[in-house]
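Please look over the model below before reading my comments.

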Amino acid sequence: VVLPPLLVACSAGESNKDPVAEAKFQNEKRIGEEDVTERQQRDAEFVVNAASRGMLLMEISQIALRKASSPAVKTLAQTMLSQHSGLQQDVKALAAQKSIVLPSGL
């Protein structure tokens, strides 16, 4: 019975866009308008993928932290969150420096 409202909520048009694909599209658009080398194009794709994977790892870690019953799993999840939080900040700083659009979500 809960399923129909979820399906309606998930089909909201704009919110249904893939943030990673949108970031890649924005970067390709900028690259097409500027004199950008192939290496810079590969760098942009790498940074977008790194940010996306980092967000995924952080999300999985948060779920593990909330739902795990094992103290060892919770400790590992907290460690992953701490380490990847700093890495995500570094990726964001690099993206800002290189004018690379990052995904807004998973």
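The points below go from the whole chain to single residues.

1. This is a predicted model, in which local features need pLDDT of at least 70 and side-chain atom pairs count only at pLDDT 80 or more, while totals for chains, interfaces and linings use all residues. Residues are numbered from 1 along each chain as its sequence is written, and side-chain values use heavy atoms, with hydrogens and water left out.

2. The protein has four helices and zero strands, giving the pattern α-α-α-α along the sequence. Helices (H or I, at least four residues) and strands (E, at least two) are DSSP runs, numbered from the N terminus.

3. Of the 106 residues, 25% count as buried, where buried means under 20% relative accessible area, exposed over 50%, and partly exposed in between (1.4 Å probe, protein chains only). The accessible surface comes to about 7,700 Å², and 58% of that belongs to carbon and sulfur atoms; such areas come from the Shrake-Rupley method with a 1.4 Å probe, and for residues only the protein chains shown count as cover.

4. Among contacts (heavy atoms within 4.5 Å) between residues at least 6 apart in sequence, 68% join residues at least 24 apart.

5. Helix α4 covers residues 71-98, and its 28 residues reach 40 Å from the first C-alpha to the last, close to the 40 Å expected at 1.5 Å a residue; the expected span is 1.5 Å times one less than the number of residues. After α4 comes S99, with a positive phi near 60 degrees.

6. Which residues of α4 are buried? They are A77, L81, H84, Q88, V91 and A95, and they pack against α3 (38-67). An α-helix has 3.6 residues a turn, so residues three or four places apart point the same way.

7. Q88, in helix α4, counts as buried because its relative accessibility is 9%. Leaving aside neighbours within four places in sequence, Q88 is in contact with A50, A51, G54, M55 and M58.

8. S52, in helix α3, counts as buried because its relative accessibility is 16%. Its contacts, leaving aside neighbours within four places in sequence, are V20, P103 and L106.
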